[in-house]
Amino acid sequence: LLDATSDNPDILSCLHFLVDLFAEWTLPESNIPITLLNQIINSVSQLSDMFQKTHHCQWMVDDLLRILISHPLEDSIVHSKLLFTLSKAISLLQADKAGEKLLPFIEEALNSNFLVLQQAALNGSFYLLESQLSCFEGNLVGVFDDFLSKKLENDITKPNQYVA
């Protein structure tokens, strides 16, 4: 972990160490607690801004997509963080196939009653739209259109019930 010219660890070595550690912790047989999984996803999302190697982003997509598929949807906090982080990684990698796998989860999150899932799906979708991946060209815009139409219709038919 140490830089050859000093006694300080260099950033790439630290990132590599953390990715290796997180990869080991997120193996299916590791049975880590949900709170640790939540923090790993938070950390990966933040650290991904510093990733300089493609294989780090590929690891994010592979591992986090596996977790998203196998993790219960009822855990909306973890799912929301997975959606956002995966969207970010898929847009960085320009990974069409992974994007196709993510699209149903985004649609499901937008149709969910959980605001945290809706927000994560919207925020992640902005990354995906910006990446201009072919798998999202018409599909994601259609999903947004349906979501916004339902939201606006609900706002018109049901005035804000939370205002005192």
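A pocket, on a 1 Å grid over the protein atoms alone, is an open set of points where a 1.4 Å probe fits, with protein on both sides within 12 Å along at least five of seven lines, and its lining residues have an atom within 4 Å of a point. Grid points are joined across faces, edges and corners, and a volume is the space filled by probe spheres set on the points. This is a predicted model, in which local features need pLDDT of at least 70 and side-chain atom pairs count only at pLDDT 80 or more, while totals for chains, interfaces and linings use all residues. Residues are numbered from 1 along each chain as its sequence is written, and side-chain values use heavy atoms, with hydrogens and water left out.

**The second largest pocket**

Select Thr 26, Leu 27, Pro 28, Leu 37 and Ile 67: the second largest pocket holds about 230 Å³ of space, and these five are the closest to its centre among the 13 residues that line it. Helix 2 (34–47) and helix 3 (54–70) are the elements that give two or more residues to this lining, and helix 3 gives the most, with three. Helices here are DSSP runs (H or I, at least four residues), numbered from the N terminus. Seven residues of the lining are nonpolar, five polar and one charged, where Ala, Val, Leu, Ile, Met, Phe, Trp, Tyr, Cys and Pro count as nonpolar, Asp, Glu, Lys and Arg as charged, and the others, Gly among them, as polar.

**The whole chain**

Now colour by secondary structure: the protein chain has seven helices and zero strands. Of its 164 residues, 40% count as buried, a term that means under 20% relative accessible area, with exposed over 50% and partly exposed in between (1.4 Å probe, protein chains only).

**Asn 31**

Select Asn 31, in the loop between helix 1 (11–25) and helix 2, where phi is near 50 degrees, a positive value in a residue other than glycine. Most residues other than glycine have a negative phi. Asn 31 counts as exposed because its relative accessibility is 68%.

**Two salt bridges**

How many salt bridges does the rule count? The count comes to two, a salt bridge being a side-chain nitrogen of Lys or Arg within 4 Å of a carboxyl oxygen of Asp or Glu.

Select Asp 49 and Lys 88, whose side chains meet in one of these bridges at 2.8 Å, N to O. Asp 49 lies in the loop between helix 2 and helix 3 and Lys 88 in helix 4 (residues 76–93), so the pair ties together parts that are 39 residues apart in sequence. Asp 49 counts as exposed, at 57% relative accessibility, whereas Lys 88 counts as buried, at 6%.

Next select Asp 63 and Arg 66, whose side chains meet in a salt bridge at 3.9 Å, N to O; both residues lie in helix 3, three residues apart, about one turn of the helix. Asp 63 counts as buried, at 12% relative accessibility, and Arg 66 as partly exposed, at 28%.

Finally, select Asp 146, which lies in helix 7 (residues 139–157) and counts as partly exposed at 42% relative accessibility.
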